[in-house]
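Take a look at the sequence and the structure shown here.

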Amino acid sequence: MSETPLRKPRILSGIQPTGTFTLGNYVGAVRNWGALQQEYECLYMVADLHALTVRQEAAALRRQTREAAAMLLAAGIDPGRSILFVQSHVPAHAQLAWVLSCNTQFGELSRMTQFKDKSAKHADNVNAGLFTYPALMAADILVYNADLVPVGVDQKQHLELTRNVAQRFNNLYSPTFTVPEPYIGKTGAKIMSLQEPEKKMSKSDTNANSFILMTDDADTILRKCKRAVTDSEGVVRAADDKPGVTNLMSIYGVLTGKSFGAIEAEFAGQGYGAFKEAVAASIIDAFAPIQAEYARILADKAYLDGVLSQGAARAAGLAQRTLTKVYKKVGLLQL
Ligand code: TRP
């Protein structure tokens, strides 16, 4: 084998700063992002422009953007190894999004299920940004020529559209963009609502008992776990007709590394009480060091803003190269 170091595959992912991250965000995304840094060159983005597709209160959005970045750092993103930045700090995203939106069809965007869901949910604000959101997401990914994109099921359709737009552009103009692949994690556990375990855990749920926030204190976590909906069987085992218990087992399994079989054995003959306490303890143990680090980082605004401005500068350097190529290829005059 040659001694030349191969370029590590590049990963890009983003998360919207629309509220404190939940246990679901942690298990599904944030937790894995830190782990990917060894093997991949990673870019992680706080997607503040995407958040504007739904009405936001300006001061809250600003605060949540810093909080999101602080939480990502606390959860293990190392700014020495990865590029952590805020989407709006790199103008090339919005600039490329315009060109890509001119290469994306109305019909394609109309088929996006998230658009249909969100326009039903916010019927008073079905804005053009909500509709063209996938073109901006495509720009986020393609501007860095990312090889892999870790996404949950709800973003898969957007990634598929990104691939189509990239291929179309490459065919029409000449090879320009890397066509990205979805990154499917090892433990793709999707965490469900603690109150309605058929639904995904969501921070926008009106019932605060249905989700656990990464900032919840130990008492709150214990209380929410104790109130989690189960069933009347009283046996800790995973089954399709036991969504509540199965969800708690997924949480416990992901956080402790134990298999469903091992969990069933551990709690055999015990009721749900002891099991729920163990689930709560596993969450509290996972979050305690992150929460301490989060508080420390948030209190050090100079450090946090320094990380973000360095991240933006590094990201912008990479992004500008792609944007310049694209502008040239589509015929925009360069002086
Ligand atoms: N749309 C994603 C979400 O709401 C966030 C996001 C924006 C993203 N740009 C991205 C995710 C690029 C992956 C890649 O969850």
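Start with the whole. This is a predicted model. The chain has 13 helices and five strands. How does its radius of gyration fit its length? A compact globule of 335 residues would have a radius of gyration near 20 Å, and the chain has 21 Å, so the two agree. Along the principal axes, the C-alpha atoms fill a box of roughly 75 × 50 × 45 Å.

Now look at the packing. Of the 335 residues, 49% are buried. The chain exposes about 16000 Å². Carbon and sulfur atoms supply 54% of that area. Contacts also reach along the sequence. Take those between residues at least 6 apart: 73% of them join residues at least 24 apart.

Next comes the ligand. Which residues are closest to the ligand? They are Gln16, Met45, Tyr133, Asp140 and Gln155, out of 14 residues that surround it. Glutamine 16 places a side-chain N or O atom 2.9 Å from an oxygen atom of the ligand. Aspartate 140 has a side-chain N or O atom 2.7 Å from a ligand nitrogen. For glutamine 155, the distance from a side-chain N or O atom to a nitrogen atom of the ligand is 3.2 Å. How much of the ligand does the protein bury? Taken alone, the ligand exposes 370 Å², and the protein buries 90% of that.

Where does the shell around the ligand come from? Strand E1 (10-15) and helix H7 (128-142) are the elements that give two or more residues to it. H7 supplies the largest share, four residues. By class, the shell holds eight nonpolar, five polar and one charged residues.

Now turn to single residues. Arginine 81 sits in the loop between helix H3 (58-74) and strand E3 (83-86). Beyond its neighbours within four places in sequence, arginine 81 is in contact with Gln37 and Gln38. The side chains of arginine 81 and glutamine 38 also form a polar contact of 3.3 Å. Alanine 120 is 39 residues from arginine 81 in sequence. In space, their C-alpha atoms are 41 Å apart.

Lysine 242 also lies in a loop, this one between helix H9 (218-227) and helix H10 (243-256). Its relative accessible area is 3%, so lysine 242 is buried. What does lysine 242 touch? Not counting residues up to four places away in sequence, it touches Asp231, Glu233, Val235, Arg237 and Tyr272. With glutamate 233 there is a polar contact as well: their side chains are joined at 2.7 Å.

The last stop is tyrosine 294, in helix H12 (residues 272-299). Why does tyrosine 294 count as buried? Its relative accessibility is 11%, and buried means under 20%. Leaving aside neighbours within four places in sequence, tyrosine 294 is in contact with Glu67, Ala70, Met71, Ala74 and Thr215. Methionine 137 is 157 residues away from tyrosine 294 along the chain. The C-alpha atoms of tyrosine 294 and methionine 137 are separated by 27 Å.

Conventions
Residues are numbered from 1 along each chain as its sequence is written. This is a predicted model: local features need pLDDT of at least 70, side-chain atom pairs count only at pLDDT 80 or more; totals for chains, interfaces and linings use all residues. Side-chain values use heavy atoms; hydrogens and water are left out. A residue is near a molecule or strand if one of its heavy atoms lies within 4 Å of it. A polar contact is a pair of N or O atoms within 3.5 Å; within protein, one must be able to donate a hydrogen and the other to accept it, and residues adjacent in sequence count only if both atoms are side-chain atoms. Accessible areas come from the Shrake-Rupley method with a 1.4 Å probe; for residues, only the protein chains shown count as cover. Ala, Val, Leu, Ile, Met, Phe, Trp, Tyr, Cys and Pro count as nonpolar, Asp, Glu, Lys and Arg as charged, and the others, Gly among them, as polar. The radius of gyration is taken over C-alpha atoms; the globule rule is 2.2 Å times the number of residues to the power 0.38. Buried means under 20% relative accessible area, exposed over 50%, partly exposed in between (1.4 Å probe, protein chains only). Contact means heavy atoms within 4.5 Å.
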